[in-house]
Amino acid sequence: MSATTTLPELERSAPVRHRPALSYELFPARSDVSFERLRETIGHLEATAPDHVSVTSRAGHGNLARVLELTEHVLAETSLRPLVHLTSIGSTRDQLTTIVHALLDRGVRGLLALRGDVPEGHRLEDDEIPFARPLVELIREIERERTAGLAGGRVSIGVAAYPHRHPESPTTSHDTEVLVAKERAGADFAISQVFFDPEVYCGLLERSRRAGIRMPIVPGLVPATNPRRLERLAAMSGVEPPRELLHRLETAADDAERRRIGVRSTVDLARRVLDAGAPGLHLFTFNSHAEALDVLDHLDLDRWSAPSQGEPR
């Protein structure tokens, strides 16, 4: 756009409608070889113009060097915006403060504040932040200290939401109370953990709205093409994939049929949650672009575009 662009020209060219938000989740590479493969995947995903890509990290930030490597690549060599995961468990308040400053110094403006998985036998230290809510508060404190350097801007903070009851939570009502507390602490949006039934996500939306939560809750979806991966996800999250889907994947004639079955199932789930008012889609890619792109190829996201991201339809 030229320096002589006028307001009437902007008004004529500005899009009236916007597609739902789109984002992908990436894992930092474990080696230089896998990092080269990851760069290729990022290039394919970048072509779909996502709103951001999230960069995961381990509890205790044992892979911090690889997290920074991926983050710096996204910032320096792509047009993408990174949403960097920040886990509180296993890190002291001072360590988390150092990491937040380091990320802001590099130009990161999006953080996903998580507690992280608690290692077996882990005992909390006195200066350890035990939950996501105080981590959100810490990020906002650092943001206020740096407001001038951020040109008065804000850091965008995401948190996790649970369509199914969190394994450590007594009730879904307790999960809702936790989400309310995270929003009040300063969270801007939430990304849901994996689910396979659209009604489960709709239940999360309904409970959240009844509790007064206003931030968007983006559904997190995994392209359901790999039965072994789905079983590992179930072991980690406690969320079982549909038995019928697993059976069809396991008895498919070949990989091509397995991929068609999984993509079709994921596309159907995406369509149903978007019809229910989901503000976008967050795809867990497992550092593989092919399945995610297959899902998008079968979705016309413009179909769900709207003048504003307001109440669920």
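Biologist: How many of the residues of β9 are buried?

Modeller: Two remarks on the source come before the answer. This is a predicted model, in which local features need pLDDT of at least 70 and side-chain atom pairs count only at pLDDT 80 or more, while totals for chains, interfaces and linings use all residues. Residues are numbered from 1 along each chain as its sequence is written, and side-chain values use heavy atoms, with hydrogens and water left out. Helices (H or I, at least four residues) and strands (E, at least two) are DSSP runs, numbered from the N terminus. Buried means under 20% relative accessible area, exposed over 50%, and partly exposed in between, with a 1.4 Å probe and protein chains only. Five of the five residues of β9 are buried, so this strand is largely enclosed by the rest of the structure.

Biologist: Which way do the residues of β9 point?

Modeller: In a regular strand the side chains alternate between the two faces of the sheet. Here G280, H282 and F284 point one way from β9, whereas L281 and L283 point the other way.

Biologist: Which strands does β9 join by bridges?

Modeller: Two strands pair if DSSP finds at least two bridges between them. Strand β1 (residues 21-26) runs parallel to β9 and is joined to it by five bridges, with E25 opposite F284. Two bridges link β8 to β9, also in parallel, and there G220 has H282 as its bridge partner.

Biologist: At what angle do α5 and α6 cross?

Modeller: The axes of α5 and helix α6 (residues 172-185) come within 8 Å and cross at roughly 5°. Angles under 35 degrees count as roughly parallel, over 145 as roughly antiparallel, 65 to 115 as roughly perpendicular and the rest as oblique; α5 and α6 are therefore roughly parallel to each other. A132, R133, V136, E137 and R140 of α5 make the contact with A181, K182 and A185 of α6.

Biologist: Is L135 buried or exposed?

Modeller: L135, which lies in helix α5 (residues 132-145), counts as buried because its relative accessibility is 0%. Leaving aside neighbours within four places in sequence, L135 touches L86, T87, S88, L96, A113, L114 and I129.

Biologist: And is D126 buried or exposed?

Modeller: D126, in the loop between β4 and α5, counts as exposed because its relative accessibility is 84%. D126 and T92 are 34 residues apart in sequence and 8.5 Å apart in space, C-alpha to C-alpha.

Notes:
Contact means heavy atoms within 4.5 Å. Axes are lines fitted to C-alpha atoms, for helices over the stretch in contact, and angles run from 0 to 180 degrees between N-to-C directions.
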